Amino acid sequence: MVIRIVAIVIALAALGMVLWLMFGKGQKSWDEMSENEQQRKKTLVTGGILVFLGGLMAAIFMGKKK
């Protein structure tokens, strides 16, 4: 049960990070970023989405008993 809660908390934190990176007030617009900044942002958003999905899958499948 504790593992499920931790997985959900991690997934929500990753989702919050992705949403902040995409819609945060302090973020530069895509046109104002250098190529290096654009690549870093793509990597961070992709990583955040993968952590979110991994956390959700862990929360769903960790509690299943055979």
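Analyst: A residue is called buried under 20% relative accessible area, exposed over 50%, and partly exposed in between. Glu37, with a relative accessible area of 22%, is therefore partly exposed. Please note that this is a predicted model.

User: Which side chain does Glu37 meet in a salt bridge?

Analyst: The partner is Lys28, at 3.1 Å from N to O. Lys28 is itself partly exposed, at 41% relative accessibility.

User: How many salt bridges does the structure hold?

Analyst: The structure holds one salt bridge, and Glu37 and Lys28 form a salt bridge.

User: What about Lys41: is it buried or exposed?

Analyst: Lys41 is buried, yet it has no salt bridge. The nearest side chain of opposite charge belongs to Glu37, and it is 9.3 Å away. A salt bridge requires a side-chain nitrogen of Lys or Arg within 4 Å of a carboxyl oxygen of Asp or Glu.

User: Where does Lys41 lie, and what is it in contact with?

Analyst: Lys41 lies in helix α2, which covers residues 35-62. Apart from neighbours within four places in sequence, Lys41 is in contact with Leu21, Gln27, Lys28, Trp30 and Met33.

User: Which other residues of α2 are buried?

Analyst: Besides Lys41, the buried residues of α2 are Gln38, Val45, Gly48, Phe52, Gly55 and Ala59. Their cover includes α1.

User: What does Gln38 touch?

Analyst: Not counting residues up to four places away in sequence, Gln38 touches Trp30 and Met33. Gln38 has a relative accessible area of 17% and is therefore buried. Trp30 and Met33 are also among the contacts of Lys41.

User: And Ala59, what is it in contact with?

Analyst: Setting aside neighbours within four places in sequence, Ala59 is in contact with Arg4, Ala7 and Ile8. Ala59 counts as buried because its relative accessibility is 7%. Ala59 and Val6 are 53 residues apart in sequence, and their C-alpha atoms are 8.2 Å apart in space.

User: What span should α2 have, given its 28 residues?

Analyst: At 1.5 Å a residue, the 28 residues of α2 should span 40 Å. The C-alpha atoms at its ends are 40 Å apart, which agrees. Within α2, the C-alpha atoms of Lys42 and Ile60, 18 residues apart along the chain, are separated by 27 Å. Lys42 counts as partly exposed because its relative accessibility is 44%.

User: Changing topic, which residues make the nonpolar surface patch?

Analyst: The patch is made by Ile8, Leu12, Leu15, Leu19, Met22 and Phe23, and its area is about 570 Å². Met22 is found in helix α1, residues 2-23. With a relative accessibility of 46%, Met22 counts as partly exposed. Ile8, another member of the patch, is also one of the contacts of Ala59.

User: Last one: where is Ser29 found?

Analyst: Ser29 is found in the loop between α1 and α2. Its relative accessibility is 37%, so Ser29 counts as partly exposed. Ser29 and Arg4 are 25 residues apart along the chain, and 36 Å separates their C-alpha atoms.

Conventions. Residues numbered from 1 in each chain as written. Predicted model: local features only at pLDDT ≥ 70, side-chain atom pairs only at ≥ 80, totals over all residues. Heavy atoms only, no water. Patch = residues over 30% accessible without salt bridge, like charges linked within 9 Å, V, L, I, M, F, W, Y side chains within 5 Å. Areas by Shrake-Rupley, 256 points an atom, 1.4 Å probe, with all protein chains shown as cover. Helix = DSSP H or I, 4+ residues; strand = E, 2+ residues; numbered from the N terminus. Buried < 20%, exposed > 50% of the residue type's maximum accessible area, 1.4 Å probe, protein only. Lys, Arg positive; Asp, Glu negative; His and termini not counted. Contact = heavy atoms within 4.5 Å. Expected span 1.5 Å × (residues − 1).
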